[in-house]
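Subject: Handover of a structure and notes on its features

Dear colleague,

Please find below the structure that I am handing over to you. My notes on what was found in it follow directly after.

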Amino acid sequence: MLRQLTEEQKRKFDTEGYLVVRGLFAEEELAEIDRTFADIANRIVPGHFEPDLSEGAADPLRRYPRVMHPHRFDETSKKYMLHPPVMDVLADLYGEEALAAQSMFYYKPPGARGQALHQDNFYLKVEPGNCIAAWTAIDAADEENGGLLVVPKTNDYAIVCPELADAKESFTTHYVKPPKEQKAVPVVMERGDVLFFNGNLIHGSYRNKTKDRFRRAFICHYANESAARISHFYRPLFRADGTAVDLEANEDGGPCGMEFEALYPH
Ligand SMILES: O=C(O)CCC(=O)C(=O)O
C-alpha cells in the first residue's frame with residue numbers, strides 16, 4: 001500500500017530515476033523556510049555557512065554560499081528535513097522507511113555558477129541500497145535561473161569516477177559525462193514542488209543567468225533504513241520521529257580508489 005504516491009508515479013521514478021511531486025509544501029511552511037534562511041543569510045555559522053558579508057564580493061557565491069547541514073544547528077531545518085509528506089514519498093519509493101542523512105540550502109543568487117553534472121551516491125556511499133534526494137523549490141526554478149537538470153534513466157548507470165569540471169561554470173570540481181546520446185533535460189518547478197531522484201542519476205545545474213531572480217532550494221538526502229554503511233560526512237542520520245541512528249562509516253573509496261576521497265562533503 002502506497003502512502004503518498006500513485007502506482008504510476010512510483011513506476012515513473014523506477015524507470016526514469018526521478019519524479020516531481022507538485023505542491024508538497026504549503027505556503028505557510030515555505031514562508032517559515034523563507035524567514036529561517038533570510039535570517040541565516042546574515043550570520044556566520046562556522047563549518048556550515050561562512051559568507052563574505054562585505055559589500056561587492058566579485059563572485060555572488062561568496063556572499064551566498066550554500067548552507068551545509070543546517071539541521072545540525074537549526075530546528076526548523078531539521079523539522080523540514082523530516083517533513084511528513086516527504087518522508088511518506090520516500091517510504092513509497094524505497095518500499096521501507098527512509099533515514100535523513102543531509103540537509104542543504106542553496107540561495108543561488110543572480111549570476112551564480114551552477115553545479116556540474118554528478119551522481120550523489122559517489123559522495124554518500126549508501127550501501128546496501130542507495131541515497132535519494134528530495135530537492136524542494138523555494139523559488140520557481142527554470143532554465144533561466146539555473147534550475148535542476150537531470151539525465152533521464154541514468155539511475156541504471158554505474159557510479160563512475162568524475163572528470164574535472166569547468167570552474168568558470170561550476171562551483172564544484174567534479175563532472176560526470178552523460179552516456180552517449182543521452183542529454184540533460186531541465187526540470188521546471190514551482191515553489192513548493194519537490195523533485196525526488198535516485199543516487200545514481202546524473203544531474204546538476206547551469207548558471208543563474210537572470211539579473212534579479214534567486215533560485216533558492218532546500219535539498220535533503222536520505223538513505224534506506226536497511227542500509228548498513230554511509231560516508232562519515234553524513235552521520236548521524238535521523239528517523240522520521242527525529243531520533244538519531246548511526247550507520248557504520250563507509251571507508252570504501254568507490255570507483256576511483258581511496259586517493260580520490262572527496263575533499264568536500266557533498
Ligand atoms: O541545486 C543545484 O544547483 C544542484 C544540487 C545538486 O546537484 C545536489 O544537491 O546534488
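I begin with Asp-92, which has a relative accessible area of 4% and is therefore buried, since buried means under 20%. Please keep in mind that the model is predicted. Asp-92 belongs to helix α5, which covers residues 84-94. Leaving aside neighbours within four places in sequence, Asp-92 is in contact with Met-1, Leu-2, Arg-3, Gln-4, Leu-5 and Lys-10. Arg-66 stands 26 residues from Asp-92 in sequence, and the two C-alpha atoms are 29 Å apart in space.

Aromatic rings

How many aromatic pairs does a search of the whole structure find? The search finds ten. In one of them, Phe-25 and Tyr-80 have their ring centres 6.0 Å apart and their planes at 50° to each other, an arrangement that counts as tilted. Phe-25 and Tyr-80 are both buried.

The rings of Phe-233 and Tyr-234 are 6.3 Å apart, centre to centre, and their planes meet at 85°; the pair is edge-to-face because that angle is over 60 degrees. Are these two residues buried or partly exposed? Phe-233 is partly exposed, because its relative accessibility is 21%, whereas Tyr-234 is buried, with a relative accessible area of 0%.

One aromatic cluster is formed by Phe-37, Phe-49, Tyr-64, Phe-105, Tyr-107, Phe-214 and Phe-218. Tyr-64 also has a charge over its ring: the charged end of Arg-63 sits there, 4.5 Å from the ring centre. In a further case, Lys-12 lies over the face of Tyr-18, at 4.3 Å from the ring centre.

The surroundings of Thr-210

Thr-210 is placed in the loop between β11 (203-205) and β12 (217-224). Its relative accessibility is 13%, so Thr-210 counts as buried. The side chains of Thr-210 and Asn-208 are joined by a polar contact of 2.8 Å. A polar atom of the Thr-210 side chain also lies 3.1 Å from the backbone oxygen of Arg-213. Not counting residues up to four places away in sequence, Thr-210 touches Pro-110, Gly-111, Glu-144 and Asn-145.

Empty space in the model

Rolling a probe the size of a water molecule over the atoms shows where empty space is left. The structure holds four cavities of 30 Å³ or more, and the largest cavity contains about 120 Å³ of space. The largest cavity is lined by 15 residues, and those closest to its centre are Tyr-106, Gln-115, Trp-135, Leu-148 and His-203. Which strands each supply at least two residues of this lining? They are β3 (98-106), β4, β11 and β12. The largest share, three residues, comes from β11.

The second largest pocket has a volume of about 220 Å³. Its lining has 15 residues, of which Ala-116, Leu-117, Tyr-175, Ser-205 and Tyr-206 lie nearest the centre. Both β4 (115-118) and β11 supply at least two residues of this lining. For this pocket, β4 gives the largest share, three residues.

Backbone details

Where are cis peptide bonds found? One joins Glu-127 and Pro-128, with omega about -15°, and Pro-128 is in the loop between α6 (121-124) and β5 (131-137). Another runs from Arg-235 to Pro-236, with omega near -5°. Pro-236 is in the loop between β13 (229-230) and β14 (237-238).

Lys-153 is not a glycine, yet has a positive phi of about 70°. Lys-153 is in the loop between β6 (148-150) and β7 (163-164), and counts as partly exposed because its relative accessibility is 47%. Glu-181, also not a glycine, has a positive phi of about 65°. Glu-181 is in the loop between β8 (174-175) and β9 (185-186). With a relative accessible area of 81%, Glu-181 is exposed, because the value is over 50%.

Yours sincerely

Note on methods
Residues are numbered from 1 along each chain as its sequence is written. This is a predicted model: local features need pLDDT of at least 70, side-chain atom pairs count only at pLDDT 80 or more; totals for chains, interfaces and linings use all residues. Side-chain values use heavy atoms; hydrogens and water are left out. Rings of Phe, Tyr and Trp (its six-membered ring) pair if their centres lie within 6.5 Å; planes under 30 degrees apart count as stacked, over 60 as edge-to-face and the rest as tilted. Buried means under 20% relative accessible area, exposed over 50%, partly exposed in between (1.4 Å probe, protein chains only). A charge sits over a ring if NZ of Lys or CZ of Arg is within 6 Å of the ring centre and within 35 degrees of the ring normal. Helices (H or I, at least four residues) and strands (E, at least two) are DSSP runs, numbered from the N terminus. A polar contact is a pair of N or O atoms within 3.5 Å; within protein, one must be able to donate a hydrogen and the other to accept it, and residues adjacent in sequence count only if both atoms are side-chain atoms. Contact means heavy atoms within 4.5 Å. On a 1 Å grid over the protein atoms alone, a cavity is a set of points where a 1.4 Å probe fits but cannot get out, and a pocket is an open set with protein on both sides within 12 Å along at least five of seven lines; lining residues have an atom within 4 Å of a point. Grid points are joined across faces, edges and corners, and a volume is the space filled by probe spheres set on the points.
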